[in-house]
Every structure is written in structure tokens, then in C-alpha cells.
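Visitor: Could you take me through the aromatic rings here, with a close look at how they pair up? I would also like a word on the helices around them.

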Amino acid sequence: MFDAASPLGHFRRALPPSRVPTDGVPGPRTPAGTRDAFFDNVKYLAIVLVAAGHCWAPLKSDSRVLEGLYNVVYTFHMPAFVIISGYFSRSFDMRPDRLKRLVTGVAVPYVVFQTAYLLLRRFVGHSPEPFDLVSPWYLTWFLCALFVWRLSSPLWKLVRRPVPVALGIAMVGSVSVGTGGALDLGRVLQFLPFFVLGLKLEPEHFTALRRRWVRIASVPVAAVALAVGWWTAPRLDDSWFYRESAAQKLGAPWWTGPLMTLALFACALLLTAVFFAWVPRRRTWFTALGAGTLYGYLLHGFVVKTATYGGWFDHAWLHGPLGEILVTLLAGTVVTLLCTKPVQRVFRFAMEPRMAWAFRRDAAELAREREKKEKAAARESVTA
């Protein structure tokens, strides 16, 4: 919900401009120190799917094909983004500088954008709902969830079987009626297994998906998924794919919650593997945009909500095949523009605030800086 989604950049001071990640996850880097194109490509394509899905929502009730495609995309697009977020959270610990980055790169943007979205809802949507910073609304749930998940990262490194344990917690979340309010705990718990899985993945797991037979096998899997999505469109409540509500709130027996949690987890993993298998490994025209996916994620929601409040999706001609294609292309174009460098520069104050005034510099950080300066001085003296 997604760049899910992918997070914000925290390393602007330590890295040259061409290497600064702007998505909150430590930058995907190769041994040579350059960004790994594959992960940037994954984040960009996932965020395009997120934006397209949000624009399909007002139209899908008139098209079984679009509703089936919507269900397929919602099965895996945020799980894929959460897995990548977990993968690049593997080095997180309670070191003061990393905690500071977590606050400035996740918690502060959450407060800023939660406030902005609530103001949009109040004054543009004319909603009487109360102003509540504790209960995430619309897209801000991902920042809230990422904050909780990343804080828990050191604990998952100690657990003997972290993924089954996280799945058990997600199953409990699927039957806990009171988890949908404060902090949007329903999503925090039900998406947790994907984050924990990302923590446990290694580079070779992604390399395995490059095999030719995997890419070939993914084609019939994708075709079957689309067929199943079309068949289930009128039969399945798409609220299951949001993973935010207990089964009882969806009008289902409580025991269906754990079963759906396991089924959706398996389906999401399968379709995420298909997605990863077909993402380009080389640099493409959109690779550089992968560094700004959270800008696209958080900002495109203002466009979608404004269009919804303004009745833009109510035009009858948009509810046909040509209109649906046009809306999809516009969604991709808008979110692409929002991931670009000029937009990042404009909104960096909200997404990546430095906030040096708010934190004391710990001794370890000062020591690391002194060590860097000494090494730089030593190199200069050798070259001289």
C-alpha cells in the first residue's frame, strides 16, 4: 500500500548522491557497492501494481475480468513489497543510529502523512470521522507496520523457527476481533509472516528464481491464477486480501480465519515467486525509480482519494474495457512521476527529515566518524 508497497532512505550523509537510497530500506547493493537493479525493479513494478489496484477498486464491480485481476494482484503485490522490506531489514539492531533512522525515516513520516490524509478526508471528503493519529488510515498502515516489524527484527533472529511462529501469530490475528483499530494491528499481524520470511531469505534464494525452468513454469502458474481469480471474483469477498479484519467481521466462522491465512500465505508465496522470476535483473529505464518508491506510494493516495471524492471515477465511459485500460495507464504514469528525483527533492522534508536537533550524538557514532576521518587523512598522506 506499496513501494505496498516497499520505506524511506536514511543514509544520505554517509553515501554519495548516486548511492543514496530513498525508500527506507538499506539500499540493495552488490559487492561492488552499486545498487542491485533487480530489487529496484521489484519495488518499482510492485508500486505500479499498488497504484493500479487502488484505481481499479472503484471500477471493478462492473467487470468480472477486472475484479479477477484485482484479486490476483492483491494476493501478492503487498506481500512481495513486505518480503523485500524484511530482506533489507536483516541488519537492523538496536544501535542508536539505526533507531534514530527508524524514527526519522518511518515514525515521523507516519505522523506527517497520517495528519495530511486525515485533513484530506475531513476537508475534501467532508467526513465527520474523528481526527485520530493512532489508527492508520488508507496508506499509512504500512509505515506503522514497518515500524513495529523492524523493531521486532532482533527478536526474530533468536527464534528457532521464526516463520511458523509468525504464521501462528497471523492466524491468531485473523480471529482477533479487536485488532482493526489502534495501529491497525490486524494488518501488522497478518502481514508479519512475509516480513519474517524476508528476514530469513538469502541472496541465493533470489538467484534460484533466475533459472530458466522456473521462469517457464511460472507462465502456466500465472495463467491458472488468472483463471482462478476470474472464477472466484463473484464468490469471494475481496476484504480477505486486505488482511486487516478478523474472520468474524467478514461474516465467516472464526475457524475460516486461520485456514484463509494459510491459504493466502501459500498463494502469495507462489505468485510472488512468479513475479520475482519475471522481474528484469538488468538495469532498465525504470530501475532508478525504484529508489523512490515510497514517495510514489504515499503521494499517489492523494491523487486517488481526490479523484474519488470528486466523482472522477463515476463517469460511465470509464467502466468499460477502454476506460479501465486508460485508468490503468494513468495510474502507472502518475506513480512513475511521483517516484522521480524532482518530486523526491520537493517532499524530502517530510519523507527524510534530518532532525539533528532532536537527537544527541552517541559516542559510538562519534568514534566511527573519527575513524573515517583518520582513514581519509591517512589515504591523503599516502597519495601526497
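Guide: Happy to! Helices are DSSP runs of H or I with at least four residues, numbered from the N terminus, and the expected span of a helix is 1.5 Å times one less than its number of residues. This is a predicted model, where local features need pLDDT of at least 70, side-chain atom pairs count only at pLDDT 80 or more, and totals for chains, interfaces and linings use all residues. Residues are numbered from 1 along each chain as its sequence is written, and side-chain values use heavy atoms, leaving out hydrogens and water.

Helix α3 (residues 96-123) has 28 residues and reaches 39 Å from first C-alpha to last, close to the expected 40 Å.

Now the rings. Rings of Phe, Tyr and Trp (its six-membered ring) pair if their centres lie within 6.5 Å; planes under 30 degrees apart count as stacked, over 60 as edge-to-face and the rest as tilted. The structure holds 29 aromatic pairs. In one, Phe-39 and Tyr-87 have ring centres 5.2 Å apart and planes at 20°, so they are stacked. Phe-39 belongs to helix α1 (residues 37-56) and Tyr-87 to helix α2 (residues 64-87), so the pair ties together parts 48 residues apart in sequence. Both Phe-39 and Tyr-87 are buried (under 20% relative accessible area; exposed is over 50%, partly exposed in between, with a 1.4 Å probe and protein chains only).

Trp-285 and Phe-286 have ring centres 5.2 Å apart and planes at 90°, so this pair is edge-to-face. Trp-285 is exposed at 64% relative accessible area, whereas Phe-286, at 10%, counts as buried.

Note on methods
Helices (H or I, at least four residues) and strands (E, at least two) are DSSP runs, numbered from the N terminus.
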